[in-house]
Amino acid sequence: MTATTTSPAATLPNGVTSGQRLLRVLHAMRVGMTPMLGGYWIIMVLAFLVVGLFVQVVSDGDSHSIWDYGTQSPKYFSLAVGITVGPAFFTLMVSLGITRRMFSVAASIFLAGAAAGTAVLWVVIYQIEHVIYAWQGWTQALANPHLFTKTSQVGLIFLEFFLLVLSHEVAGWLTGISFLRFGVWKGLLLLPVTLVPAAAAEFLLVAQWLAEAIADTGYHRPSLAVAVPGVLAVSALGLYFGYLMIRSFGVRPTKG
């Protein structure tokens, strides 16, 4: 008879439910990504608070929202966040017995939560800036086109940033997985495909610094009743296609 052995790294402790496993994966992702997300948020807030107030004081109030000049930053940082999640956690999680489906679900929840957190941050800082500007008698004019026209429209601010950040995270998620699975050269060739969620959000929302360039082509934003579900649908499909790419992807042994 041949003894059957089970690798202790292939299973989780008995009695651990799927929900508990999912929470553990989410906890690991949160702990692992907090320095990256927290560092970015702190740097952004402090930099624009200090630099913004300095510019306003020196210029005696130039009637523009300084925070609005940073609106493109969360999109591209979120692209980096999405790229990082797959390579940083996939091999470890799967080797510990986490299924690819659960990993994909956890990544989707984490990315959506990070997008919501970034959107809330932007809402809060706009409100803080509004209070400071009102106190100093400055006009909080917006430098970029948005879904909102004034910073009191909290719901539209959150919606715009959540959708743009989420779609760029999803583009990063697809990009990171394609490089992880197919290597550098094929990953580069796949960029026009993996960046589709981000491009779709830009063309459906037509907001922030690319808005004027897009509008100059004669293209106009569709109604929010079309744009919002469209961005959500493309983002959801992107997360699912990421799962399809890793579903049959084996864990490679560590070199060295």
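## Terms and basis

A contact means heavy atoms within 4.5 Å. Helices (H or I, at least four residues) and strands (E, at least two) are DSSP runs, numbered from the N terminus. Buried means under 20% relative accessible area, exposed over 50%, and partly exposed in between (1.4 Å probe, protein chains only).

The model is predicted: local features need pLDDT of at least 70, side-chain atom pairs count only at pLDDT 80 or more, and totals for chains, interfaces and linings use all residues. Residues are numbered from 1 along each chain as its sequence is written, and side-chain values use heavy atoms, with hydrogens and water left out.

## Overall fold

The protein chain has nine helices and zero strands. Of its 256 residues, 40% are buried. Among contacts with a separation of 6 or more, 77% join residues 24 or more positions apart.

## Helix α7

Helix α7 (residues 196-205) is largely enclosed by the rest of the structure, because seven of its ten residues are buried. These are Pro197, Ala198, Ala200, Ala201, Glu202, Leu204 and Leu205. The buried residues of α7 pack against α2 (73-95), α4 (154-182), α6 (191-194), α8 (211-215) and α9 (224-247). Just after α7, Val206 takes a positive phi of about 45°.

## Aromatic pairs

Rings of Phe, Tyr and Trp (its six-membered ring) pair if their centres lie within 6.5 Å; planes under 30 degrees apart count as stacked, over 60 as edge-to-face and the rest as tilted. By this rule there are twelve aromatic pairs. The rings of Phe90 and Phe249 are stacked, because their centres are 5.6 Å apart and their planes lie at 15°. This pair links distant parts of the chain, with Phe90 in helix α2 and Phe249 in the segment after α9, 159 residues apart. Phe90 is buried at 1% relative accessibility, and Phe249 is buried at 8%.

The rings of Phe103 and Trp173 have centres 6.1 Å apart and planes at 35°, so this pair is tilted. Phe103 belongs to helix α3 (residues 100-136) and Trp173 to helix α4, 70 residues apart. Phe103 is buried, with a relative accessible area of 1%, as is Trp173, at 0%. Trp67, Trp122, Tyr126, Phe148 and Phe161 form one aromatic cluster.

## Surface patch

Leu49, Val50, Val51 and Leu53 form a nonpolar patch on the surface. Leu53 lies in helix α1 (residues 18-58) and counts as partly exposed, at 33% relative accessibility. Like charges are joined within 9 Å, and nonpolar side chains (Val, Leu, Ile, Met, Phe, Trp, Tyr) within 5 Å.

Note on methods: Patches are made of residues with over 30% relative accessible area and no salt bridge: like charges are joined within 9 Å, nonpolar side chains (Val, Leu, Ile, Met, Phe, Trp, Tyr) within 5 Å. Accessible areas come from the Shrake-Rupley method with a 1.4 Å probe; for residues, only the protein chains shown count as cover. A salt bridge is a side-chain nitrogen of Lys or Arg within 4 Å of a carboxyl oxygen of Asp or Glu.
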